[in-house]
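Subject: The structure I promised you

Hello! Have a look at it first, and then read on for what I found in it.

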Amino acid sequence: MMAVILVAVLAQSPIGGRHLVFSDDFSKEKRIDPKKWLYDDGPVYNNELEKYTGASGGNTYFKNGSLIIEARKENGKVTSARLESVKAWKYGYFECVAKVPSGKGTWPAFWMLSDRLRHPGNQEKVGWPQCGEIDIMENVGYDPPGFHFSLHSGKYNWMRKEQRTSVTRVSNPTDFHKFGLDWREDSITFYLDDKPVYNVKKTEPDFDSWPFRDPFYMILNLAIGGSWGGAKGVDDSIFPAQYVIKSVKIYQ
């Protein structure tokens, strides 16, 4: 009987039967670990206002046991930071504990892109959205209670207004929350504070519908403005806006 109960519990838990393969507890850090994270200080995306900076830009720092990604506006210029994981993973449970900012114009996210964009290797190189995108959490400051969970692919993406997406609303959006992703071969389930909030099953096996079969890398960023974050304008009173991250973990 005990074995039956244990199997049932493991089946319900996204971590059950998996082992910790990546952990960044920012309470123990004093700098960004270059073996774990890269700065993306490249182009601006989605008509956003910020310029992402590198390690010397001052838009990332540590305070009160957390990593701070801070968006600033100085001399009319908006800066922020975007971090990408050095490694990429295929399947597993991905988790981030974070606190998002609020105010019109903020757009924090914890998300993933296919490593084919960076290292296609012997595979066919594909761009976005064919490569696939997993949005473990997105939030826009003009609607703080809404946390968004989405999948994008060649067939299902926001440009076609057919992305697979769901919104969960909370009463305490600017508190710390735990965002999770249970990624399996035939399904993807999003979690908020340890509760499943959205599930997508692989019903169409073709790559254009389900590209979630290659390793993906993680991204932490705080965008300002843009096609979605700035849809209701950008309020200068949000600056400095702070995206506060306690930890990131992966179990496989």
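Strands in this email are DSSP runs of at least two residues marked E, and they are numbered from the N terminus. Please keep in mind that the whole model is predicted.

You will find N64 in the loop between β4 (60–63) and β5 (66–74). Is N64 buried or exposed? N64 is exposed, because its relative accessible area is 72% and the cut-off for that word is over 50%.

Next, the cis peptide bonds. One of them joins W128 and P129, with omega at about 5°, and P129 is in the loop between β9 and β10. Another joins F239 and P240, with omega at about -5°. P240 belongs to the loop between α2 (226–229) and β17.

W128 turns up again on the surface. Together with W158 and M159 it forms a nonpolar patch, and the three have about 320 Å² of accessible area together. W158 is located in the loop between β11 (146–152) and β12 (164–169). Its relative accessibility is 42%, so W158 counts as partly exposed.

Now follow strand β9, which covers residues 106–114 and is mostly covered: nine of its nine residues are buried. Both faces are covered, with T106, P108, F110, M112 and S114 buried on one side and W107, A109, W111 and L113 buried on the other. Which strands pair with β9? Strand β16 (residues 216–224) runs antiparallel to β9 and is joined to it by nine bridges; T106, for example, has I224 as its bridge partner there. Strand β10 (residues 133–138) is also antiparallel to β9, with five bridges between them, and here W111 is partnered by D135.

S80 is in strand β6 (residues 77–80), and its relative accessible area is 0%, so it counts as buried. A polar atom of the S80 side chain lies 2.6 Å from the backbone oxygen of L222. Apart from residues up to four places away in sequence, S80 touches E50, K51, Y52, T53, N59, I69, E70, A71 and L222.

S247 is part of strand β17 (residues 241–251) and is buried, with a relative accessible area of 10%. Setting aside neighbours within four places in sequence, its contacts are D24, D25, F26, E95, C96 and V97. F26 in turn is in the loop between β1 (20–25) and β2 (37–39). With a relative accessibility of 2%, F26 counts as buried. Beyond four places in sequence, F26 touches several residues, including W37, F62, I245 and S247.

Finally, the charged pairs. How many salt bridges does the structure hold? There are 13 salt bridges. In one of them D182 pairs with R18, with the closest N and O atoms 2.9 Å apart. This pair links distant parts of the chain, 164 residues apart: D182 is in strand β13 (residues 177–183), and R18 is in the loop between α1 (2–12) and β1. Both D182 and R18 are buried.

Another salt bridge joins D40 and R82, whose closest N and O atoms are 3.1 Å apart. D40 is in the loop between β2 and β3 (51–52) and R82 is in strand β7, 42 residues apart. D40 is buried at 11% relative accessibility, and R82 is buried at 5%. R118 and E84 also meet through their side chains, at 3.9 Å from N to O. R118 counts as partly exposed at 22% relative accessibility, whereas E84 counts as buried at 9%. A network of salt bridges links D40, R82, E84, D115 and R118.

Enjoy exploring!

Technical notes: Residues are numbered from 1 along each chain as its sequence is written. This is a predicted model: local features need pLDDT of at least 70, side-chain atom pairs count only at pLDDT 80 or more; totals for chains, interfaces and linings use all residues. Side-chain values use heavy atoms; hydrogens and water are left out. Helices (H or I, at least four residues) and strands (E, at least two) are DSSP runs, numbered from the N terminus. Buried means under 20% relative accessible area, exposed over 50%, partly exposed in between (1.4 Å probe, protein chains only). A polar contact is a pair of N or O atoms within 3.5 Å; within protein, one must be able to donate a hydrogen and the other to accept it, and residues adjacent in sequence count only if both atoms are side-chain atoms. Contact means heavy atoms within 4.5 Å. Patches are made of residues with over 30% relative accessible area and no salt bridge: like charges are joined within 9 Å, nonpolar side chains (Val, Leu, Ile, Met, Phe, Trp, Tyr) within 5 Å. Accessible areas come from the Shrake-Rupley method with a 1.4 Å probe; for residues, only the protein chains shown count as cover. A salt bridge is a side-chain nitrogen of Lys or Arg within 4 Å of a carboxyl oxygen of Asp or Glu. Two strands pair if DSSP finds at least two bridges between them.
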